[in-house]
Amino acid sequence: MPEKVDFDVVVIGLGPTGGTLANLLAMHGLSVCVLEREAALYNLPRAVHFDDEIMRVFQTIGIADRLRRHMIVNRGTKFIDPEGKVLIDWPRPRAVTENGWQPSYRFHQPDLERCLRRALAQYEHVTITSGARTTSIRDHGDHVEIGFQQAGEAANRVLRSRYVVGCDGARSLTRSAMGVEMASLGFEQTWVVIDLLLTSRAVNLPDRTIQYCNPDRPATYCRNVGRRRRWEFAVGPDESPEAMLEEAAIWDFLAPWVGPAAARLERKAIYTFKSALARQWQKGRVFIAGDAAHLMPPFMGQGMCAGIRDAANLAWKIGFCARQGHDGELLRSYQSEREQNVREYIETTSRMGEFINALGDAQISNTVFARPDGTVGMNSITPSLGSGLGDAADALLNITFPNVTLADGSSFDRWFSTRPILIASSVIGNLPDIGAGTAVEGRIVTTTQLPELAPLLGQFGVAALLLRPDRRVLASFPGGAGFDEFLAANRMLLS
């Protein structure tokens, strides 16, 4: 490590992925600089959906209570044909999940970004540099040099950090600096996205997301927060996207639902929906996350969610390396674990797009919507992590550990937000000496200390669980002899 670096981590991009990552890194006590190209927060709609897993991450970084004032529960999606017949009904249950939150939410992205920035402001060891265009990234083996140009300045500035993470979107400079290409997964369509603000209460629009399955003009309607509503529709191969952005064309498309007397156009944009994965997500000390690493169509609302899952996976691993020393194997597990998960999301959402385009094709329906009992509907889609840390033979490896509320009303999550922790049943008996000076001091909690955890160990049928800060199970101990060996095998991550 060089004698002096300016920051532990430089994060490039202050969107939802970069803002979440910076908050998680700051929780680890790391010094963080965020370089954001834009001079001010972009105050128009973009992402509009996240799920319970993502809300749990927001709870971890302390913005859940503030954010919940600005969001609504998503009631689900209907897929209908041109005659209005419901092909698929996918209601989202209102009961909380194992993550402690409801399965699906709608929100306004600027509200989220303000919450993330407000949370970052509490950390003295976080610096946000707005209006900063990154110009170069050079990995020197033991540190990284980042060149950037501040708005209004001709000179180039240089920072040195232990690690760099590019959360800088689909046209990522970080990915280009790494020399990494995107591999297409086959889906590519041009769509128009329209965001409206309703000005009349008399408009009667659905309270759920509607996917209009129509090979001539597939479209999506989203009921968003407050008075906001969104429509997305495909541009045909012989149509001009720019012509479809003309206000006359927009209102002509919207005529079956709403007119200019009852709504105001807030934003219009052309998007090319793609499915793609970066071939490498890491080179040395430089990483990419979010849209810089993967792109997916919007039909499941999982694009932003995938980026935040990246942040949750990577943050604790960088935090560990910053404390204990660079560990290449630990950091390589970031891509191996996340790539399979996001690939499955991309493939499912691409098939959903094909279903919308193909007017409910039965073959596509069977691959996307078939339940185990043979009926048609939508199950909860939660792809597993790819291979990485832990023993693949462990049946509990990488399952989600529930969000447990303790007797004092707090979440048990706070006990392992920055470092792995081992829950050990009192039946183990003589626990190893974990007193002062040992590597695992404070990293083991027993069911004697927190009796609320005992039923969970019983539910899983084990005597001990090692939990990761991203709320996944890293290892389980079934009980009986061999606990000392189990502890020794996992001591590194308990340090």
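Reader: Hi! In which sense do strands β5 and β13 pair, and over how many bridges?
Author: Strand β5 (residues 76–80) and strand β13 (residues 209–212) run parallel, with 4 bridges. Strands here are DSSP E runs of at least two residues, helices are H or I runs of at least four, both numbered from the N terminus, and two strands pair if DSSP finds at least two bridges between them.

Reader: Before I go on, what should I know about the model and numbering?
Author: This is a predicted model, where local features need pLDDT of at least 70, side-chain atom pairs count only at pLDDT 80 or more, and totals for chains, interfaces and linings use all residues. Residues are numbered from 1 along each chain as its sequence is written, and side-chain values use heavy atoms, leaving out hydrogens and water.

Reader: Thanks! What is the mean pLDDT of the chain?
Author: The mean is 90, and 92% of residues reach 70 or more; pLDDT is the predictor's confidence in each residue, from 0 to 100.

Reader: Back to the sheet: what is the strand order?
Author: The open, mixed sheet has 8 strands, ordered β6-β5-β13-β14-β15-β12-β16-β19. Its edge strands, β6 (86–91) and β19 (294–295), each pair on one side only.

Reader: New topic: why is helix α2 largely enclosed?
Author: Because 7 of the 9 residues of α2 (residues 52–60) are buried, meaning under 20% relative accessible area with a 1.4 Å probe, protein chains only. Among them are Ile 54, Val 57 and Phe 58.

Reader: Nice, and what comes just after α2?
Author: Gly 62, with a positive phi of about 90°.

Notes:
Buried < 20%, exposed > 50% of the residue type's maximum accessible area, 1.4 Å probe, protein only.
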